[in-house]
Amino acid sequence: MQAAITRDVSRSLAACELSYVDRTPIDIERAQYQHAAYRRALEACGCRVIALPALEAYPDAVFVEDVAIVLDEIAISTRPGAPSRRGEVASIADALRDVRPLRSIESPGTIDGGDVLRIGRTIYVGQSRRTNAAGIAQLAELVGADSIGGQGYTVQPVPIRECLHLKSSVTLVADGVVLINPDWVDANAFAAFRRIEIDADEPHAANGLRIGDRVIYPASFAKTARRLVEAGVALDIVDVSELQKAEGAVTCCSLVFRDAAS
Ligand code: CIR
């Protein structure tokens with residue numbers, strides 16, 4: 001079984017960080033309702049959902065993915081690239097301490113979890129405005145090939161452009177299959193995989209959240225959803241329009257990991 005850490009939407013969400021999306025009014029009640037439905041989708045996919053209370057002092061705290069990396073062997077508290085988000089780290093670290101040995105990225109390193117895409121024993125890390133070389137080097141020290149008793153991961157930096165995070169541009173949607181926006185990441189970096197391209201009318205559509213055999217996917221990308229369905233990917237559609245106004249996507253609202261209890 002898998003577990004998923006989530007955090008309720010802050011009423012201050014409208015004061016979120018925005019990088020590549022224009023600021024538009026956010027309906028908080030609607031965001032909270034959509035987030036509750038997202039949690040139910042996680043449960044429907046078989047996750048044990050851990051729902052943490054909102055952190056009102058941190059507008060972006062609902063986007064828990066960015067403040068930690070959880071692998072089977074170890075968890076790592078990140079140091080988010082946006083200074084306004086660094087205060088979100090401690091309480092997620094508290095939630096993870098019981099489930100994994102916990103390490104952390106230290107100054108001057110920065111990593112946003114949205115830049116971290118694990119596929120098998122490779123960890124792809126986006127070289128974004130949020131994730132710097134020092135952060136990637138620290139991650140490689142913590143989980144690279146020589147770590148974890150010689151059973152560590154290959155840490156593979158990946159350049160991205162014109163988007164917030166690596167997982168804005170590519171996510172895994174099935175074994176050996178990635179969903180990708182080739183305008184934002186070099187598709188050759190994922191040449192080993194079957195690649196499903198997003199519809200060009202939907203540049204933000206490359207972020208899907210795979211849980212087992214299913215993918216939780218935003219309602220707003222109908223054309224790309226059709227491509228996924230035609231490729232045999234089973235979708236659980238969620239409306240996350242208000243969270244998208246905060247430059248959020250479906251992976252960023254949870255930290256999903258193998259549940260030690262199972
Ligand atoms: C931010 O800019 O940090 C938030 N407004 C959005 C974070 C989205 N995180 C993610 O996709 N992993």
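This is a predicted model: local features need pLDDT of at least 70, side-chain atom pairs count only at pLDDT 80 or more; totals for chains, interfaces and linings use all residues.
A nonpolar core is a set of buried Ala, Val, Leu, Ile, Met, Phe, Trp, Tyr and Cys residues joined through side-chain atoms within 4.5 Å, where buried means under 20% relative accessible area, exposed over 50% and partly exposed in between (1.4 Å probe, protein chains only). Residues are numbered from 1 along each chain as its sequence is written, and side-chain values use heavy atoms, with hydrogens and water left out.

**Overall form**

- The chain holds seven helices and 15 strands; helices (H or I, at least four residues) and strands (E, at least two) are DSSP runs, numbered from the N terminus.
- Its C-alpha trace spans about 45 × 40 × 35 Å along the principal axes.
- Of the 262 residues, 54% are buried.
- Among contacts (heavy atoms within 4.5 Å) with a separation of 6 or more, 67% are between residues 24 or more positions apart.

- In soluble globular proteins, nonpolar side chains tend to be buried together.
- Phe-63, leaving aside neighbours within four places in sequence, touches Leu-13, Arg-85, Leu-243, Ala-246, Gly-248, Cys-252 and Cys-253.

**Backbone features**

- Most residues other than glycine have a negative phi, and most peptide bonds are trans.
- The peptide bond between Ser-107 and Pro-108 is cis, with omega about 10 degrees; Pro-108 lies in the loop between β5 (102-104) and β6 (116-119).
- Ile-148, in helix α4 (residues 147-150), has a positive phi near 50 degrees. Ile-148 counts as partly exposed because its relative accessibility is 26%.
- Glu-247, in the loop between α7 (241-244) and β15 (255-258), has a positive phi near 65 degrees. With a relative accessible area of 15%, Glu-247 is buried.
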